[in-house]
Amino acid sequence: MANLLDRAVESFKRVGEGLKTVFMHSFREPTTQEYPEKIQDLAPHFRGRLALAVNPDTGDHLCISCRQCERVCPDKCIEITAHKSPETNKLELIDFKIDHGLCMFCGLCTEVCPTTCIINTNDFEMADYSRESLIYDIKRLTLTQDESTYYFDKKELPRPKPKAAAKPAAAAGAAGAAAKSAAAGGDAAAKAAAAKAAAAKAAAAKAAAAKAAAAKTDDGETKAEPKAESKSEEKAAEPKADAEAAKKDVVEAKTEDITAEPKADAEAAKKDVVEAKTEDKAAEAPEKDAKKDVKEAKADEKDPE
Ligand code: SF4
Ligand code: SF4
């Protein structure tokens, strides 16, 4: 019985508390927010739409294309396009895409970003008519300098330092390039010298052949040109005078070719004319014989006896 009375008292107490709460709320000002006319002031670390902040002081883009956010994203909704600049020898951001249709606003990408570039904004109004329009490119993601300043202050983020002036590629890769070119330069010079020497040798051989041909056509004997050839070959073998010797030999070979060829051609033409004449004579003989035969046959017909 006592137990029943205790339970009844407890129930009346609870009902009284409920009635008290209803009574109190009946006289209190409503707390309903007139959204979208009035937007509630969100907490500083509210995780809304993702954006790329710029340096609040200079307006420089903060992303260094390290792709840490892309790798850490569990939904794989970040896609970064970057290339290595030949001028600065550093990665340069080309495009940055975030598919907000896939993003679950976990904030992991903002946690790993070393430059505080990618941040969660307070914007949550992203309703759209297609999934494609939820893919934000770098243009839509990048905040203005004022917006970046607002979020850096609101989230109490450390201000980034201004970028150091980009060194030109020649200076940036000077150490490596200089070492490479020093090593490769020697090889290239050696190769060039070898190529020149080879060209000089070829030119000397050509000149020798031309001289020998010219000597044969003039008097049927080879003269003292081979000595000159050997000299030129020796010169060509010398690394200092290789280029000049090659040029000289080529010029000589050309001039000798030009002078030797017409002589040989003239003699060949003469030979051809003589041969043609003898062939014509040989060809004329059977014709004469045939004419004789015809005449004799005609005479036989006239005088059958
Ligand atoms: S908030 Fe999470 S899901 Fe969205 S892009 Fe960043 S890491 Fe990916
Ligand atoms: S982690 Fe930051 S700096 Fe690295 S690629 Fe992502 S946004 Fe750019």
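Predicted model: local features only at pLDDT ≥ 70, side-chain atom pairs only at ≥ 80, totals over all residues.
Colleague: Which residue in β5 stands opposite D99?

Modeller: Residues are numbered from 1 along each chain as its sequence is written, and chains are lettered from A and ligands numbered from 1 in the order in which they are written. Strands are DSSP runs of E with at least two residues, and helices are runs of H or I with at least four, both numbered from the N terminus. Opposite D99, β5 has I135.

Colleague: How many helices and strands are there in the protein?

Modeller: From the N terminus on, the elements go α-β-α-β-β-α-β-β-α-α-α-α-α-α. Count them by type and you get nine helices and five strands.

Colleague: In what order do the three strands of the open sheet sit?

Modeller: Strands pair if DSSP finds at least two bridges between them. β2 and β3 run antiparallel and are joined by seven bridges, while β3 and β5 pair in the antiparallel sense over two. β2 and β5 (135–136) each have a single partner strand and stand at the edges, so one side of each has no neighbour in the sheet. The order is therefore β2-β3-β5, with β2 and β5 at the edges: β2-β3-β5.

Colleague: Which residue in the turn of the β2 and β3 hairpin has a positive phi?

Modeller: Across these strands, T81 stands opposite D95, and K84 stands opposite L91. The hairpin has six residues between β2 and β3. The one with a positive phi, about 60°, is N89.

Colleague: Which element gives the largest share of the largest nonpolar core?

Modeller: That core has 25 residues, with I78, F96, I98 and I118 making the most contacts inside it. A core here is a set of buried Ala, Val, Leu, Ile, Met, Phe, Trp, Tyr and Cys residues joined through side-chain atoms within 4.5 Å, buried being under 20% relative accessible area with a 1.4 Å probe and protein chains only. Two or more residues come from each of β1 (50–52), β2 (78–84), β3 (91–99), β4 (118–120) and α5 (145–154). The largest share, three residues, comes from β1.

Colleague: What is the bridge partner of I98 in β5?

Modeller: I98 is among the residues that I118 touches, along with F96 and I78 (contact means heavy atoms within 4.5 Å, and I leave out residues up to four places away in sequence). In β5, the bridge partner of I98 is Y136.

Colleague: How many residues of the shell around ligand 2 are charged?

Modeller: Near means a heavy atom within 4 Å, and of the 13 residues around ligand 2, C63, C66, R67, C69 and C113 come nearest. Asp, Glu, Lys and Arg count as charged, Ala, Val, Leu, Ile, Met, Phe, Trp, Tyr, Cys and Pro as nonpolar, and the others, Gly included, as polar. The shell splits into nine nonpolar, three polar and, for charged, one.

Methods. Heavy atoms only, no water. Buried < 20%, exposed > 50% of the residue type's maximum accessible area, 1.4 Å probe, protein only.
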